Amino acid sequence: MQQHEIRRFVERYFAANGCTFLEANDDYMTIQLTAEMDKELMNRPFYWHYIERTGGVPQPMQLTLITRPSEQTDKLKGERLHFGAPRLHQLFRSAQKRGSFIRLYEEPDAPLSGNAALHPWLGMNVVISYECDRKKDEIVSLGIHLISGTMIESFHERLRERRLTPKIPDYCFTISPLIKPRSGISRLEQYIRDRIAADDHTWAAEAHQRWADDLALLDEFYKDAEEKPECYYREKEALEKQYKPRITVSVVNGGLFYLMPRSS
């Protein structure tokens, strides 16, 4: 993840959570946290317990994040933000927890002459992990039109081309889905299963061969033992854990998106 991508993520994260940027330039940003985000990020449970018990006026903290060291930032009391920084990974976890599901509406690019219908789409971003002694992750973004049942890939890329808002825009109305979201999720799950089944699984066969080769070496090493020692079975189990092919699918996030008909 490049430094400019980190900065863009941080800006979007705090803006989406209602925080105010007190200062912001290419080198650093100072953010005024809301009470909710102070509780989320700053680890002050005793302070907030005291405020809530006494009815005091809360004073959320400010957070200064340095995205590019410079002479100016040398004088600041702030946190360096780079890939691998604990604070950045905290923000990643928070974003995943708080943004695991969302509902957004497309905002028309130009004023409407009349009412406009927004069509319901269910979007889901998943990571497909192919694992053995090696690992490959594939991020897949899927969308299903909850009226026609049409399914598309690269759904997130399509969303990036749209202006989205958490509130229904003026003169717009939503069409009720014919396909319930739960059913839509089931259809996307089946789509992923079919997609995986159609993949080239040469990697799994090759992993099984490497597993068999190492197991043969292990057996050769202990071939003269009348009774296999405990360490033999531990090593055999470790080989299985290392080489056995497996595919896991993890849902990153998803949401309902009400879009203009041209998106279908």
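Modeller: Helix 1 (3-16), helix 5 (86-98) and helix 6 (155-160) each supply at least two residues of the lining of the largest pocket, as do strand 5 (101-106), strand 6 (116-131), strand 7 (135-145), strand 9 (164-165) and strand 11 (246-259). Helices (H or I, at least four residues) and strands (E, at least two) are DSSP runs, numbered from the N terminus. This is a predicted model, in which local features need pLDDT of at least 70 and side-chain atom pairs count only at pLDDT 80 or more, while totals for chains, interfaces and linings use all residues. Residues are numbered from 1 along each chain as its sequence is written, and side-chain values use heavy atoms, with hydrogens and water left out.

Helix 1 gives the largest share of this lining, seven residues. The space in the largest pocket comes to about 2100 Å³. Its lining has 39 residues, and F9, R12, N125, H156 and N253 are the closest to the pocket centre. A pocket here is an open set of points on a 1 Å grid over the protein atoms alone where a 1.4 Å probe fits, with protein on both sides within 12 Å along at least five of seven lines; lining residues have an atom within 4 Å of a point. Grid points are joined across faces, edges and corners, and the volume is the space filled by probe spheres set on the points.

By class, the lining of the largest pocket divides into 19 nonpolar, 12 polar and eight charged residues. Ala, Val, Leu, Ile, Met, Phe, Trp, Tyr, Cys and Pro count as nonpolar, Asp, Glu, Lys and Arg as charged, and the others, Gly among them, as polar.
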